[in-house]
Amino acid sequence: MPKCSKSEKIEDALLWECPVGEMLPNPSDYKSSLIALTAHNWLLRISATTGKVLEKIYLASYCKFRYLSWDTPQEVIVVKSAQNKSSALARQAGIQQPVLLYLAVFHVLPFSLIGILEISKKVFGNVTDATLSHGILIVMYSSGLVRLYNFQAITEQFMQQKLDLGCACRWGGTTGTVGEAPFGIPCNIKITDTPPLLFEVSSLENAFQIGGHPWHYIITPNKKKQKGVFHICALKDNSLAKNGIQEMECCSLESDWIYFHPDASGRIIHVGPNQVKVLKLIEVGNNSAQHQISEDFVILANREKNKNENLPTVTASGRVVKRNFNLLDDDPEQEVLF
């Protein structure tokens, strides 16, 4: 039987902060907690002040859960499994693993189960990854295609049985308590037919983000030469926002990156090697149907060097003295590949 010990290895964790003005069931719920996923498929809520385990759930034994993320920040979490890989013999025989991964979805504080969803190649085709964000199931393909589905509609249509944590359950001829070892939580959302498609778009390396007010999304055109170029488009009609192509001049080994700020303000953060641009969506004139990207402010990193550093040192005899070169210098102009 899998046990949860104090020395359990933590695979991933999220910080949960107490909401203001809400009535909560326990006094300990009014303080921040750490939501942690262990190496042996235990989901824990740990007090951020005392380290005491406040709640624990055993997830399952049929897969290896590895990643934690917010579906709705501070409200709904997603626990994602590692991808199922076919053995070498199975691949040689042309046998594919039908289920790519599992997504376990919970309300937090106290934990309550929404369900565990399987992502099947029989339904979605040659899918390479999937996740949940803001109630949207996002499915990704090797071609760069990204497809969006309504998670709530999926649960309503394909949930086989409603499960409650801590309650007795009979599943597949076995009886146990939901969320306790060794029974765990059965996969109770199995999609048998392709759900209605909300939206699809093609993007380089499946890079896709959604946010803003009204909803917009950010992609990189699906061509290698477009890497580092970001298009900000309206979700309702795919139209490019005015000034919606963002590109930053970078002389760096690491490319710039862009994302919607997680505070739900609709701001867009564009980070480069020596500057951070904070952008915002605003209406074009008084037309609420059209939006443009404007620059709110820019944070610059001061990388100016002492000009005398580049001057060679020459002795009285005319010998040029070599200067030491700082190999840890993070100036992108001085990055060297060895």
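Trainee: Which residue takes a positive phi in the hairpin of β9 and β10?

Mentor: In this predicted model, local features need pLDDT of at least 70, side-chain atom pairs count only at pLDDT 80 or more, and totals for chains, interfaces and linings use all residues. Residues are numbered from 1 along each chain as its sequence is written, and side-chain values use heavy atoms, with hydrogens and water left out. Strands are DSSP runs (E, at least two residues), numbered from the N terminus, and two of them pair if DSSP finds at least two bridges between them. Two residues lie between β9 and β10, and the one with a positive phi, near 50 degrees, is His-134.

Trainee: How many residues of strand β10 are buried?

Mentor: Buried means under 20% relative accessible area (1.4 Å probe, protein chains only), exposed over 50%, and partly exposed in between. Ile-136, Ile-138 and Met-140 point one way, Leu-137, Val-139 and Tyr-141 the other, and all are buried. For β10 (residues 136–141), the count is six of six.

Trainee: Which residue in β11 stands opposite Leu-137?

Mentor: Strands β10 and β11 (residues 145–150) run antiparallel, joined by five bridges. Opposite Leu-137 stands Tyr-149.

Trainee: What is the angle between the planes of Trp-42 and Tyr-58?

Mentor: Rings of Phe, Tyr and Trp (its six-membered ring) pair if their centres lie within 6.5 Å; planes under 30 degrees apart count as stacked, over 60 as edge-to-face and the rest as tilted. The count comes to eight aromatic pairs. Trp-42 and Tyr-58 form a tilted pair, 5.3 Å centre to centre, with an angle of 55 degrees.

How values were computed: Helix = DSSP H or I, 4+ residues; strand = E, 2+ residues; numbered from the N terminus.
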